[in-house]
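Open the model in your viewer and keep the selection tool ready. This tour goes stop by stop.

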Amino acid sequence: MGCFQSTARKQFPGHEDPVILASQTAFSVSEVEALFELFKSISSSVIDDGLINKTHEEFQLALFKNRKKENLFANRIFDLFDVKRKGVIDFGDFVRSLNVFHPNAPQEDKIDFSFKLYDLDSTGFIERQEVKQMLIALLCENEMKLADETIEIILDKERKVYPTVTYHANHKKCLLILTFLEADVNQDGRIDKSEWQNFVSQNPSLLKIMTLPYLRDITTTFPSFVFNSEVDEIAT
């Protein structure tokens with residue numbers, strides 16, 4: 001049985017040795033194996049091809065606890081997970097990319113990933129138009145629609161508008177957008193990597209969205225995914 005299961009895993013597209021993946025991430029071997037079961041569940045939800053693509057609502061459900069079809073942040077995270085730029089995520093990519101959300105992942109990695117997350121056009125800068133795009137998406141998620149003039153006022157940091165927006169939206173990421181333009185220290189209309197690093201260092205709460213607490217021990221969060229490990233844990 002064990003040999004069959006091991007052979008099946010090796011034939012699974014993108015499957016990699018859990019020992020190697022554990023050595024490259026904050027996950028233990030047993031947690032990598034639990035992630036494999038989670039990955040199989042997600043990847044087989046539409047087409048059982050061993051890969052995750054953007055049409056899989058389970059990708060959003062597993063990471064963000066919702067099935068909303070249009071989610072700018074979920075789509076952007078998918079793009080960043082898709083390191084091979086093939087429009088799909090294999091298991092190795094899934095584990096290595098998900099590692100940045102682990103509570104024990106280095107803060108530097110979280111800062112770097114968060115910058116890429118908001119740099120929608122991958123230009124190396126977080127620009128005003130990207131901030132506007134994120135704000136509109138977040139308002140839509142909360143079933144709100146504001147006039148373009150009001151959104152422009154928000155982006156121009158008119159504080160008197162903030163209470164109305166944050167009260168109705170009630171969304172942590174909305175608060176993030178309403179404050180992070182302060183990171184544009186040189187006032188050139190865009191935030192570079194250095195400005196972002198300094199701003200996040202002064203406002204560490206902004207990185208809360210970069211941590212999924214249940215990843216600390218996914219084997220107890222998803223007990224149904226716990227199986228007899230095929231390998232011994234790496235000695236620590």
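Select the loop between helix H11 (172–180) and strand S4 (190–191): Gln-187 lies there. This is a predicted model. Check the backbone of Gln-187: phi is near 55°, a positive value in a residue other than glycine. Most residues other than glycine have a negative phi. Is Gln-187 buried or exposed? Gln-187 has a relative accessible area of 55%, so it counts as exposed, the cut-off being over 50%.

Next, go to the loop between H7 and strand S3 (126–127), and pick Ser-122. Phi of Ser-122 is also positive, near 55°, and again the residue is not glycine. Ser-122 is exposed because its relative accessibility is 54%, where exposed means over 50%.

Now show the whole chain as a cartoon. The secondary structure comes to 13 helices and four strands. Of the 236 residues, 44% count as buried. Look at the contacts between residues at least 6 apart in sequence: 61% of them join residues at least 24 apart.

Turn to a helix pair. Select helix H5 (residues 72–81) and helix H7 (residues 107–118). Their axes come within 9 Å and cross at roughly 120°. That angle makes H5 oblique to H7. The crossing of H5 past H7 is right-handed.

Which residues meet there? Show side chains for Phe-73, Arg-76, Ile-77, Leu-80 and Phe-81 on the H5 side. On the H7 side, show Phe-113, Lys-116, Leu-117 and Tyr-118. Colour this contact by class: seven residues are nonpolar, none is polar and two are charged.

The next stop is the largest nonpolar core, with 52 residues. Which of its members touch the most others? Select Leu-35, Phe-94, Leu-98, Phe-101 and Trp-196. Several helices each supply at least two residues of this core, among them helix H2 (18–24), helix H6 (91–98), helix H8 (128–141), helix H9 (148–155) and helix H12 (193–202). In soluble globular proteins, nonpolar side chains tend to be buried together.

Key
Residues are numbered from 1 along each chain as its sequence is written. This is a predicted model: local features need pLDDT of at least 70, side-chain atom pairs count only at pLDDT 80 or more; totals for chains, interfaces and linings use all residues. Side-chain values use heavy atoms; hydrogens and water are left out. Axes are lines fitted to C-alpha atoms, for helices over the stretch in contact, and angles run from 0 to 180 degrees between N-to-C directions. Angles under 35 degrees count as roughly parallel, over 145 as roughly antiparallel, 65 to 115 as roughly perpendicular and the rest as oblique. A crossing is left-handed if the near helix is turned anticlockwise from the far one by less than a right angle, and right-handed if clockwise. Contact means heavy atoms within 4.5 Å. Ala, Val, Leu, Ile, Met, Phe, Trp, Tyr, Cys and Pro count as nonpolar, Asp, Glu, Lys and Arg as charged, and the others, Gly among them, as polar. A nonpolar core is a set of buried Ala, Val, Leu, Ile, Met, Phe, Trp, Tyr and Cys residues joined through side-chain atoms within 4.5 Å. Buried means under 20% relative accessible area, exposed over 50%, partly exposed in between (1.4 Å probe, protein chains only).
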